[in-house]
Amino acid sequence: MMRDTRRSRLILGALLTAALVLLTVDHRAGESSPLRPLRTAGAWLFGAAERFGGGLARPVTGFVQAVATAPQAQERIRQLKAENARLRAGLSATRLDEARSAELKRLLGLSGTGGFTVVPANVLARRGQPGFEDAVQIDVGTADGVRPDMTVLNGDGLIGRVVDASATTSTVMLLSDPAASAGARLEGGQEIGVVHGVGEQGRLIQFRLLDSAASLVRGTRIVSFGSQNGRPYVPGVPIGVIEQVESTPGELTRIAYARPYADLTTLDVVGVVVQGPKRDPRDALLPRKGGSW
């Protein structure tokens, strides 16, 4: 036992002495050291081992870090989604405001050319009420100077008339309602008739020409004839274009169907005429052929 221990100490001492000698020789020889290949091989082996160990450790470290930051990541995702939703809503609102601005501009342009004083309004809802199948509610009323039997129009043409008004809202019977009727005139002449609503979701309205001998052809345009004192209808507001003419031999009147200028199914910005024109604008508000008025 003692002999083995003494021998081991002798061997260990010899190895340490050899190592010191080798280190001294390698250090003093520098780049010309005969031990340089061994040193390079050792550095490569230790470097490879370190890279291998680091490659094994990185996924584990990344996983631990992802788990640690998961709540923050989910919160950030939630914030980004909320911000995205706000941006989309803002974009939709901007487009809606731009569309309404364009409608208001057309309304004021038409009313200004015709000499009408109007109160602009927004359509709140489409609703029927006893006696009226096709009506809308708007956000102006008696507090704004609106009264029953006033003309309602938009930037394209005639909409209908006010049938009821409270302080802040009013009900408008549309021209397409079967109970609606308005005096109308053919463009460029004195031939007059009456426009009636026929339902059809406002796609067509009926025009009954009082003179059965007068010419009535597809493409002819009609405007409002006007009522006494401009109530319920002021004169000169574009109504629509004749699309169908019925054959009525032996009848005292002629019947046709017109497509309204105003889209009565998608109303948004409208105007109530609170003061009519001093002079009948006649055909001045009709759109130019192939374009807007």
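These legends accompany close-up views of a predicted model. In this model, local features need pLDDT of at least 70, side-chain atom pairs count only at pLDDT 80 or more, and totals for chains, interfaces and linings use all residues. Residues are numbered from 1 along each chain as its sequence is written, and side-chain values use heavy atoms, with hydrogens and water left out.

**View 1. The protein chain holds 2 helices and 12 strands.** Starting at the N terminus, the order of elements is α-α-β-β-β-β-β-β-β-β-β-β-β-β. Helices (H or I, at least four residues) and strands (E, at least two) are DSSP runs, numbered from the N terminus. Of the 293 residues, 34% are buried (under 20% relative accessible area, 1.4 Å probe, protein chains only).

**View 2. Here is a closed barrel of 6 strands, β6-β7-β8-β11-β10-β9, with antiparallel pairing.** On average, neighbouring strands of this sheet are turned by 40 degrees against each other, direction ignored; the axes are lines fitted to C-alpha atoms. Pairing requires at least two bridges found by DSSP between two strands.

**View 3. Strands β6 and β7 run antiparallel, joined by 5 bridges.** Strand β6 spans residues 181-186 and β7 spans residues 192-197. Look for Gly183, whose bridge partner in β7 is Val194.

**View 4. Thr253 sits in the loop between β10 (238-245) and β11 (254-260).** Thr253 is buried, because its relative accessible area is 16%. Its side chain makes a polar contact of 3.1 Å with that of Arg208 (a pair of N or O atoms within 3.5 Å, where one must be able to donate a hydrogen and the other to accept it). Beyond neighbours within four places in sequence, Thr253 is in contact with residues including Leu209, Leu210 and Ser212 (heavy atoms within 4.5 Å).

Methods
Buried < 20%, exposed > 50% of the residue type's maximum accessible area, 1.4 Å probe, protein only. Axes fitted to C-alpha atoms, helices over the stretch in contact; angles between N-to-C directions.
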